[in-house]
Amino acid sequence: MTDVASSTRRFTFSAGHRYQVDAWSATENERAFGRLTIPHGHNYTVDVTVRGPIDATTGMMMDLAELKRVVAETVVERFDHADLNADPLFRGKVPTTENIAIVIWDLLAPKLGLERLARIRVFEDPTLWVDYEGA
Amino acid sequence: MSVTTPARSHRVALTRAYHFSAAHRLSTPALGPEENARLYGPCHRPHGHNYYVEVTVTGPPDPQTGMAFDLRVLDAAVERAVVGEVDHRALEDVPLLAGVITTGEGLARAFFHTLEAELPHGTLAGVVVQETAKNRFEYRSGA
């Protein structure tokens, strides 16, 4: 049994989006996505989970102040009160909850390290959330 | 920008939460009335809950639509096959729960098997039943 623990910190941002495949006509988009093609927004909640051994000196798996700083700079400042469809990360990609989770993973993995980043959970609202673990 | 490796499948798990209210009582046909009352205590009396059901499906997002699962399909299946069957009913009278002792874990297992037959093969990963804010039961694929 290794001395490994997980820590999860919650972040929030509010952003606008719409479901639209640029290559499709308005009718095709309407058929595929219904009302989701209309620009709208959500209060997103993101749970970032890191995993690793507990440091013998500090008793911490990771300094949560560092986690808070990294996620704030990398994710929250970028997406809060932003139009997700206009972000280059979503060029040619619909900003679904699924893709938002993967994009956030890709933003954080280089900063936190794949050995530490364990899971991204994105809530679009309290009834819908997506987990991505880098698989 | 990305640490993408060609090996990644981008498999995500998508969870949707649903709600219903229903009456139930715990009772096993294996025991008589007195033994049932002793085993289940207050749960043997007819009562009810505001249930929350979390349904998790997994898969890679479609490269074009970005969706791992069409929520309209998921919502329609869960509403038709589960919520519409149990909402404002006595759970012991519901056909899909015939022979089920309606514990939280029993409901999670029954809903899982009902939905497994409704959803595309291999997509359903798990069902959570929350009976009260203090009780949470999970049944997962392969469990």
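This is a predicted model: local features need pLDDT of at least 70, side-chain atom pairs count only at pLDDT 80 or more; totals for chains, interfaces and linings use all residues.
Chain B has 143 residues, of which 23% are buried. Its secondary structure consists of three helices and four strands, and their order along the sequence is β-α-β-α-α-β-β. The C-alpha trace of chain B spans about 65 × 25 × 25 Å along its principal axes. If contacts in chain B are limited to residues at least 6 apart in sequence, 64% of them join residues at least 24 apart.

Helix α1 of chain B covers residues 33–40. None of its eight residues counts as buried, and the helix is hardly covered. A residue is called buried here if 20 or more other C-beta atoms lie within 10 Å of its own C-beta, so a count of zero says that no residue of α1(B) reaches that number. After α1(B) comes G41(B), which has a positive phi, near 60°.

The contact between the two chains involves 22 residues of chain A and 21 residues of chain B. On the chain B side, the element that gives the most is strand β1 (residues 12–24), with six residues. Sorted by class, the side of chain B that touches chain A holds nine nonpolar, eight polar and four charged residues.

Strand β1(B) also pairs with a strand of the other chain. Its partner is β5 of chain A (residues 128–132), and the two run in the antiparallel sense over five bridges. Within β1(B), T15(B) stands opposite W129(A).

Conventions
Residues are numbered from 1 along each chain as its sequence is written. Chains are lettered from A and ligands numbered from 1 in the order in which they are written. A residue is buried if 20 or more other C-beta atoms lie within 10 Å of its own, exposed if 12 or fewer, and partly exposed in between; C-beta atoms are placed from the backbone. Two residues are in contact if their C-beta atoms, placed from the backbone, lie within 7 Å. Ala, Val, Leu, Ile, Met, Phe, Trp, Tyr, Cys and Pro count as nonpolar, Asp, Glu, Lys and Arg as charged, and the others, Gly among them, as polar. Two strands pair if DSSP finds at least two bridges between them.
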